Amino acid sequence: MSLTNRQFRLAERPVGLPKESGWNRTEEPVQQPEDGQFLVKVEYISLDPAMRGWMNEGKSYIPPVGIGEVMRALAVGKVVASKHPKFNEGDAVTGAFGVQEYAISNGEGVNRVDASLAPLPIYIGTLGMPGMTAYFGLLEVGEPKEGDTVVVSGAAGAVGTIVGQIAKIKGCRVVGIAGGKEKCDLLVNEFGFDAAIDYKADDVYKGLREHCPKGIDVYFDNVGGDILDAALANLAMGARVVICGAISQYNTTGEVKGPKNYMSLLVNRASMKGMVVMDYTKNFGKAAVEMAGWLSAGKMKSREHVVEGFDQFHDALLMLFRGENTGKLVLKVS
């Protein structure tokens, strides 16, 4: 019996929030691997804010997804057939397999993982790209020192929860910014943040003044817009601002809001630097080992928000932009 591969392909460039009509749902027979290839049955698909940027045409750190192409996505699954010397049937692997049920790979950019050591979703979360983003963005770009005040926006998301926990491990005071009392309580009670600001109910500028009386030493930005401006207005001398993302701006149909308070960088002799996690790929293994150690020692917690069903892809993706997920958002394929 031949198997069918269901796929979500990009049908049009979105304007504003992606629409369901922007996808073509296709089906095709599952390909069999040729020499030097293997076939992966995708089990979990990573849903990330960066996917919105990959849909746009124009220059970026990675080429856009082409119209008619399978939507790019990181995923984890099992090898079900192989003609590759380094990958065997039964291996658990992660890679950019796309939003589809089966993927053919030549092994480029694919990593073998151990499903006996951690649940598969963790390998596309805390021990995957979001975890690497948090690790290198904070430690290499933010350069926190013991006793620093670290503030992270989008703090209840996949990257933010890890940034805050690493900062605590490094001896920092950590303040998170998130939407809603439930998320803010979770940051403090489960992830060990020192304080949390509810941007939906509180004045972020005043909250930062209250919880960061000596200013912000490291600001890890995942949202951009007005919250970035509030953070810039509360910088300490010599502060470091890490620009990781700007989810508040990804679906805007007007002009993107730039920082109005950028002169604070001059006044406080501060720096603001963008980071792309792929610049650090050669050191992913070292980071994964260290974070796995923190997880096993109970110093760090991993939280996955799993949505079940391949057909739920579009609705699940929109959860990111409505702030409906806590921790790493993952689509369970079957």
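Reader: How do the residues of the lining of the second largest cavity divide into nonpolar, polar and charged?

Author: The model is a predicted one. Rolling a probe the size of a water molecule over the atoms shows where empty space is left. In this structure, the lining of the second largest cavity divides into 2 nonpolar, 5 polar and 4 charged residues.

Reader: Which residues line the second largest cavity, and how much space lies in it?

Author: The lining consists of Gly-125, Thr-126, Ala-158, Thr-161, Ile-162, Lys-301, Ser-302, Arg-303, Glu-304, Gly-327 and Lys-328. The space in the second largest cavity comes to about 40 Å³. Helix α3 (residues 158–169) supplies the largest share of this lining, with 3 residues.

Reader: Why does the second largest cavity lie between domain 1 and domain 2?

Author: Both domain 1 (4–125 + 302–332) and domain 2 (129–278) give residues to the lining, so the second largest cavity lies between them.

Reader: How far apart do the C-alpha centres of the two domains lie, and how many residues of each are in contact?

Author: The protein chain is divided into domain 1 (4–125 + 302–332) and domain 2 (129–278). Their C-alpha centres are 28 Å apart. Contact between the domains involves 21 residues of domain 1 and 16 residues of domain 2.

Reader: How many cavities does a search of the whole structure find, and what lines the largest cavity?

Author: The search finds 2 cavities of 30 Å³ or more. The largest cavity has a volume of about 50 Å³. Its lining is made up of Leu-10, Glu-12, Pro-14, Pro-18, Lys-19, Gly-22, Trp-23 and Met-55. These residues divide into 5 nonpolar, 1 polar and 2 charged.

Reader: What percentage of the residues count as buried, and what share of the contacts joins residues 24 or more positions apart?

Author: Of the 334 residues, 52% count as buried. Among contacts with a separation of 6 or more, residues 24 or more positions apart account for 66%.

Reader: Where does Val-188 lie, and what is it in contact with?

Author: Val-188 is part of helix α4 (residues 181–189). With 33% relative accessibility, Val-188 counts as partly exposed. Leaving aside neighbours within four places in sequence, Val-188 is in contact with Phe-193, Ala-195 and Ala-196. The C-alpha atoms of Val-188 and Val-174 are separated by 9.6 Å, and the two residues are 14 apart along the chain.

Reader: In which loop is Gly-309 found, and which residues does it touch?

Author: Gly-309 is found in the loop between β14 (304–308) and α9 (313–322). Its relative accessibility is 22%, so Gly-309 counts as partly exposed. Not counting residues up to four places away in sequence, Gly-309 touches Leu-331, Lys-332 and Val-333. Gly-309 and Val-256 are 53 residues apart in sequence, and C-alpha to C-alpha they are 34 Å apart in space.

Reader: What is the phi of Arg-269, and is Arg-269 buried or exposed?

Author: Arg-269 is not a glycine, yet its phi is positive, at about 50°. Arg-269 lies in the loop between α7 (263–267) and β13 (271–274). At 61% relative accessibility, Arg-269 counts as exposed.

Technical notes:
Residues numbered from 1 in each chain as written. Predicted model: local features only at pLDDT ≥ 70, side-chain atom pairs only at ≥ 80, totals over all residues. Heavy atoms only, no water. 1 Å grid on protein atoms, 1.4 Å probe; cavity = no way out; pocket = protein on both sides within 12 Å on 5 of 7 lines; lining within 4 Å. Points joined across faces, edges and corners; volume = space filled by probe spheres on them. Nonpolar A, V, L, I, M, F, W, Y, C, P; charged D, E, K, R; others polar. Helix = DSSP H or I, 4+ residues; strand = E, 2+ residues; numbered from the N terminus. Domains from an automatic or database assignment. Buried < 20%, exposed > 50% of the residue type's maximum accessible area, 1.4 Å probe, protein only. Contact = heavy atoms within 4.5 Å.
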